[in-house]
Amino acid sequence: DVIFYRVRIRNKSNIDYDVDFLKFFIRDNTRIKRTASQEVESPVLYRAGEAQKVSGKSQSEIVYALQKFTIPDAKHLAIELFEKNGGRHFLLRVKNKSIVRARPL
C-alpha cells in the first residue's frame with residue numbers, strides 16, 4: 001500500500017543548492033480565475049537519503065515513500081523543491097499514467 005518515488009536532484013551550476021524542503025501535492029491541471037482550486041498535500045511516510053545540500057556540478061538521490069493513490073484525469077501530482085534563502089524553485093508534474101505504469105518491487 002506504499003509507492004516509492006526516487007527523486008534525483010542534479011545541480012549543473014557552479015553554485016551549491018541548499019535544499020529547504022520538498023513537498024508532494026495533488027493539484028488541478030488547469031487553474032481558472034475566480035474559481036476555487038483544490039490542492040491536497042500528500043504526507044511523506046518515509047524518506048531514505050539526505051540531501052540538505054547539492055554541491056555544484058553534482059547530484060543527489062532521495063527515495064520518498066507515500067501512501068498509494070491514483071489521480072483523476074483532471075489532476076496531477078506536483079513535486080515542488082524549494083531552495084533555502086534563494087530563488088531557485090522547481091516544479092515537476094507527474095500524470096496518473098506514469099504512476100499506474102510504476103514497476104512493482
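## How the elements are named

Helices (H or I, at least four residues) and strands (E, at least two) are DSSP runs that are numbered from the N terminus. The structure is a predicted model, in which local features need pLDDT of at least 70 and side-chain atom pairs count only at pLDDT 80 or more, while totals for chains, interfaces and linings use all residues. Residues are numbered from 1 along each chain as its sequence is written, and side-chain values use heavy atoms, with hydrogens and water left out.

## The open sheet

An open sheet is formed by 3 strands in the order β1-β6-β4, with antiparallel pairing, where two strands count as paired if DSSP finds at least two bridges between them. Because β1 (2-11) and β4 (44-48) stand at the edges, each with a single partner strand, one side of each is left without a neighbour in the sheet. From one strand to the next, the twist averages 25 degrees; for such values, axes are lines fitted to C-alpha atoms, for helices over the stretch in contact, and angles run from 0 to 180 degrees between N-to-C directions.

Strand β6 (residues 58-67) runs antiparallel to β1 and is joined to β1 by 10 bridges. Within this pairing, Ile 3 stands opposite Leu 66 in β6.

Val 2, Phe 4, Leu 45, Tyr 46 and Leu 105 make a nonpolar surface patch of about 600 Å², and β1 and β4 each supply at least two of its residues. Patches are made of residues with over 30% relative accessible area and no salt bridge, like charges being joined within 9 Å and nonpolar side chains (Val, Leu, Ile, Met, Phe, Trp, Tyr) within 5 Å. The accessible areas come from the Shrake-Rupley method with a 1.4 Å probe, and for residues only the protein chains shown count as cover.

Leu 105 lies in the segment after α1 (96-100) and counts as exposed because its relative accessibility is 94%. Here buried means under 20% relative accessible area, exposed means over 50%, and partly exposed lies in between (1.4 Å probe, protein chains only).

Ser 60 lies in strand β6 and, with a relative accessible area of 15%, is buried. If its neighbours within four places in sequence are left aside, Ser 60 is in contact with Val 7, Arg 8, Ile 9, Glu 50, Ala 51 and Val 54, contact meaning heavy atoms within 4.5 Å.

Asn 96, whose place is in helix α1, is buried as well, with a relative accessible area of 17%. Its contacts, again leaving aside neighbours within four places in sequence, are with Thr 70 and Ile 71. The C-alpha atoms of Asn 96 and Pro 72 are separated by 7.2 Å, although these residues are 24 residues apart along the chain.

## Salt bridges

Side chains of opposite charge can pair when their charged atoms come close. A salt bridge is a side-chain nitrogen of Lys or Arg within 4 Å of a carboxyl oxygen of Asp or Glu, and by this rule the count comes to 8 salt bridges. In one of them, Asp 16 pairs with Lys 53, the closest N and O atoms being 3.8 Å apart. Asp 16 lies in the loop between β1 and β2 (17-28) and Lys 53 in strand β5 (residues 53-54), so the pair ties together parts that are 37 residues apart in sequence.

Another salt bridge joins the side chains of Asp 28 and Lys 75 (3.0 Å, N to O), linking strand β2 with strand β7 (residues 75-83) across 47 residues. The side chains of Glu 83 and Arg 88 also meet in a salt bridge (2.9 Å, N to O); Glu 83 counts as buried at 10% relative accessibility, whereas Arg 88 counts as partly exposed at 24%.
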